[in-house]
Structure formats: C-alpha cells, structure tokens
Amino acid sequence: MIIIPAIDLKDGQCVRLRQGVMEDTTVFSDNPVDMATQWVVQGRDACIWWI
Amino acid sequence: MGGTGARRLHLVDLNGAFEGKPINAQSVMEITQEFPDLPVQIGGGIRTMEIANTYVEAGVKYLIIGTMAVTHPEFVSELCREFPDKIIVGLDANNGLVATEGWAKQTDLSVVDLSKKFEQDGVNSIVYTDIARDGMMQGVNIEATVNLAKQTSIPIIASGGITNMDDISGLLSEARHGIMGAITGRAIYEGTLDFQEAQNLCDIK
C-alpha cells in the first residue's frame, strides 16, 4: 500500500473539514506548495509545527 | 528507516467540489510545477472534458471523478478513453450508499453496484471515503472498504477516518483483497499518525 497525504484546498488555503461540512474547517497552512514540500521532501515530522 | 517522503499527493479542490468548477487550480498547478515527477491526484470540480484536459496538460497524473461518476457515469467512460489509466472514481458513502455534491446529497445507489459498472471502463482505482468517519478520527471503516475491494476488480484506495497505526495495520492485513493505498489527512496533520512510520510498515509487509 502507499500512504497518500491529503491536501484539501479551500480559498487558496490548506484545510481539513469534518464530515465534509464547509463551515467546520481547520486551516493548516496558507501555502499549498510549502505543505506539499513538507510531505514530499521530508515525510517524517512534517507539518507538526503548523499547529 | 530513513524518511523517503510521500510518493503521491491527494489534492482536493473543496470550493470546486461544491461549485462544480475548478476554484483552486492555481494552487494545484503550482504544486505540479514544483514537483514535476510526483504523481498527483486531484478531485473536486472536474465536470467537463475541458477541465480534465487542463489538469492533464498541467502535469496532474490522476483525475478523481466524484459527483459526475454518480450522475453521469458515461463521463467516466469518455474520460477513460481520452486519458487511459488516469481516471480515478471517488465514491463517498454512508452506510454503503453513495453521496454526492460535496456530500450534500445522499442517493439510494449501492457503492458496490456502482463500482462494478466502472470495471469495463478501465478506471485506474476507486477512492472510497466513508463520510461518517471522515475527519472524525474514529478509525477507518475497514469492513466496508474490504467488502468493496472483494466485490470489484478495481483497486481501492481507502479514505476517511484513518487515525493511527491500528488503521494502517488493519488495512494492510486485508490489502491482498485489492486495497492499494490509504489517504490520510487530519491524522498526519494532528500527529496521531506518523506518515513515514505508516509508509515504512507498508513497505516491509
């Protein structure tokens, strides 16, 4: 199996929703390329510093 | 084991999914430009051949068709002919029944029955998302995922609810039935799942 990090984009920001509800959003980053870089280049320990 | 990073990214244009047209395409294209060799799958708002073509030309490897796969399954057939092996069907389900329109609408279609219809089209894979679990950090619905994998020849990518290594282990133990991958969002962002630890476990199995 491959593990595939998800980057959900809303209004140019990286967010996560709960159960697909647009109003129930957590913003993880406002830079999608930086977020992608975290997963692709580093993998481990990525993104913990966002929160 | 050292970190090797992700081998694929799952991008979702949430505004696009709700509005039925690409809204965050610029962000998607910035990512494909930054990582030209990285397989990227994108879903949300791909409802015309023209939009699909734009993404493919921008270097996106896989297109995920959600709502249109339910309402206009012939669109999937058409896409598969135009873009062989690039089309993924994204099915969101609640209690085995398909939901659409950014999850706003529940149908009475069985996810298994609908999946079987795509076998002849040459669909690359199916992203199966359990709505009740997604983003809730309550564990992936392994039973429903395995049930779908067993009943269709199309490889399944599990999504929704993956929270920790128990979910990865659980999926791995059933992967032989045709589960090729697992999408993880909130868990890796909140740190209940270590991405690299999860991938490493998959690699040694």
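This is a predicted model: local features need pLDDT of at least 70, side-chain atom pairs count only at pLDDT 80 or more; totals for chains, interfaces and linings use all residues.
1. Within the share that chain A buries against chain B, A:Met1, A:Ile3 and A:Ile4 supply 22%, which is more than any other three residues.

2. Chain B is divided by the domain assignment into domain 1, which is written in two pieces as 1-92 + 108-120, and domain 2, which covers 130-205. The contact between these domains draws on 17 residues from domain 1 of chain B and 16 residues from domain 2 of chain B. Taken over C-alpha atoms, the centres of the two domains are separated by 19 Å, and the area that domain 1 of chain B and domain 2 of chain B bury between them is about 1,300 Å², 63% of it on carbon and sulfur atoms.

3. The axes of helix 7 of chain B (residues 142-151) and helix 8 of chain B (residues 165-174) come within 10 Å and cross at roughly 25 degrees. Because angles under 35 degrees count as roughly parallel, helix 7 of chain B is described as roughly parallel to helix 8 of chain B, and the crossing of this pair is right-handed. From helix 7 of chain B the contact takes B:Ile142, B:Thr145 and B:Val146, which meet B:Asp167, B:Gly170, B:Leu171 and B:Glu174 in helix 8 of chain B. By class, the residues of this contact divide into three nonpolar, two polar and two charged.

4. Helix 8 of chain B also has a crossing with helix 10 of chain B (residues 195-204), where the axes come within 10 Å and the angle is roughly 20 degrees. Helix 8 of chain B and helix 10 of chain B are therefore roughly parallel to each other, and helix 8 of chain B passes helix 10 of chain B in a right-handed crossing. On the side of helix 8 of chain B, the contact is made by B:Met165, B:Ile168, B:Ser169 and B:Leu172, while helix 10 of chain B contributes B:Glu197, B:Ala198, B:Leu201 and B:Cys202. The classes in the contact of helix 8 of chain B with helix 10 of chain B are six nonpolar, one polar and one charged.

Methods:
Residues are numbered from 1 along each chain as its sequence is written. Chains are lettered from A and ligands numbered from 1 in the order in which they are written. Side-chain values use heavy atoms; hydrogens and water are left out. Axes are lines fitted to C-alpha atoms, for helices over the stretch in contact, and angles run from 0 to 180 degrees between N-to-C directions. Helices (H or I, at least four residues) and strands (E, at least two) are DSSP runs, numbered from the N terminus. Angles under 35 degrees count as roughly parallel, over 145 as roughly antiparallel, 65 to 115 as roughly perpendicular and the rest as oblique. A crossing is left-handed if the near helix is turned anticlockwise from the far one by less than a right angle, and right-handed if clockwise. Contact means heavy atoms within 4.5 Å. Ala, Val, Leu, Ile, Met, Phe, Trp, Tyr, Cys and Pro count as nonpolar, Asp, Glu, Lys and Arg as charged, and the others, Gly among them, as polar. Domain bounds come from an automatic or database domain assignment. Buried area is the accessible area (1.4 Å probe) that two parts lose on being put together, summed over both.
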